[in-house]
Amino acid sequence: MTDIKRSRNTELWDFEKEVTTNASESKVIVGVDGGATSTVCVCVAAPHTAYFHEPPPVLARAESSASNRNSVGDAVAKLVLERVLSNVLEKARRCRSAVQAVCLALSGVSSADDKQCFLEWLRGIFPANVKLSVHNDSLAALASGTLGKLYGCVLVAGTGMIVFGVSEDGKTAQAAGVGPLLGESGSGYSIGQHALAVVMRAHDGRGPSTSLSKAILQKLELSSPEEIIGWMYKDYSWARVAAIVPIVKACASMGDPEAVKVLENAVEELAGSVKAVVERLNLAGEDGQKSFPLVVVGGVLENDHGWDLCSQLVYRIKEFCPNVQPIQPKGLYQKGKWMKLWQWIVKHQLEIAAIQEHNKHDCEGSYP
């Protein structure tokens, strides 16, 4: 019997005492998409062959809070991850001995040291024969839109923001993805922060009046702009600031010029980050006319509350990359992730074994 590692949070695994997994057909694969707002984990049945046309069946799904180490810290991030891992296996009625592979696709994980930190942590939880992989969530997002092919560019704009690209010869480049303190203009946090600043400027006379003031105060359940100061500094978590984005979009859709400026600035910043990666990898070719896939994902880019930021962004990007192929994948069960996942397992390579969710609907990718 495979030896089970003892984690520090042993109570999370007490359910294993009542679960027996012996049959080879009970093997599973576990993947995590961890961000600065939420963390999603799925457990799927491990396919019996590397050649398949449909994703393996999903046995269980679990959600938890943010697991971005730069936002919540290492200790909280690892606790959230272990909870969601144990939760999904408990729902699937599988022990850790039934796990064939685990992949973490995490925002806030970029350097080799970051990845090694989480790999060593995972090794302390799962048996030695389990294949482990840790990547930034941008790599997972790229695979989700390109049917598993690691080529092109991906823009992830949620609470945070990152642009990542891979050239045809395997070279990579990244823009942003460093957290709001070092600059992630165009992210949900950045949009929310700029909107709050607009409200404060309107309040003290440095800027024009704006419908953002009333809308944001109502959203935050505050009675005056002065209370925003205490609200902002009592809790530094990024997600609560990013939650203001729908309010900004709603005000912009009603014609508020200050809200429109905030979103237009976000479009410019996001487009500039895409341009930087495209130029570094020469994805559009010397003449700028070459076609390449651009995967766009994240809550900021969802067409909600009347102001379609994604369409505005694609229009702006096509000004310097007219033949770009924008792809906006939807849902949890994109074929590309599963194909790449199983390829990694059978080839014993630590490539991309990513399970990525950017919304809760199971449908095919679409072109905005």
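Biologist: Where is the place of Glu221?
Modeller: This is a predicted model: local features need pLDDT of at least 70, side-chain atom pairs count only at pLDDT 80 or more, and totals for chains, interfaces and linings use all residues. Residues are numbered from 1 along each chain as its sequence is written; side-chain values use heavy atoms, without hydrogens and water. Glu221 sits in the loop between H6 and H7.

Biologist: What is the relative accessible area of Glu221?
Modeller: Phi of Glu221 is near 60°, a positive value in a residue other than glycine. Glu221 is exposed (over 50% relative accessible area; buried is under 20%, partly exposed in between; 1.4 Å probe, protein chains only). Its relative accessible area is 74%.

Biologist: Which residues of helix H7 are buried?
Modeller: H7 spans residues 226-234. Helices (H or I, at least four residues) and strands (E, at least two) are DSSP runs, numbered from the N terminus. The buried residues in H7 are Ile228, Trp231 and Met232.

Biologist: Within what arc do the buried residues of H7 fall?
Modeller: View H7 down its axis and take directions from that axis to the C-beta atoms. The buried residues line one face of the helix, because they fall within an arc of 95°.

Biologist: Which exposed residues does the face of H7 turned away from its buried side carry?
Modeller: The buried residues are covered by, among others, helices H5 (188-204), H6 (212-220) and H8 (238-242), with contact meaning heavy atoms within 4.5 Å. The face turned away from the buried side carries exposed Tyr233 and Lys234.

Biologist: What is the relative accessible area of Arg93?
Modeller: Arg93 lies in the loop between helix H2 (74-92) and strand E4 (99-106). Its phi is positive, near 60°, in a residue other than glycine. Arg93 is partly exposed, at 41%.
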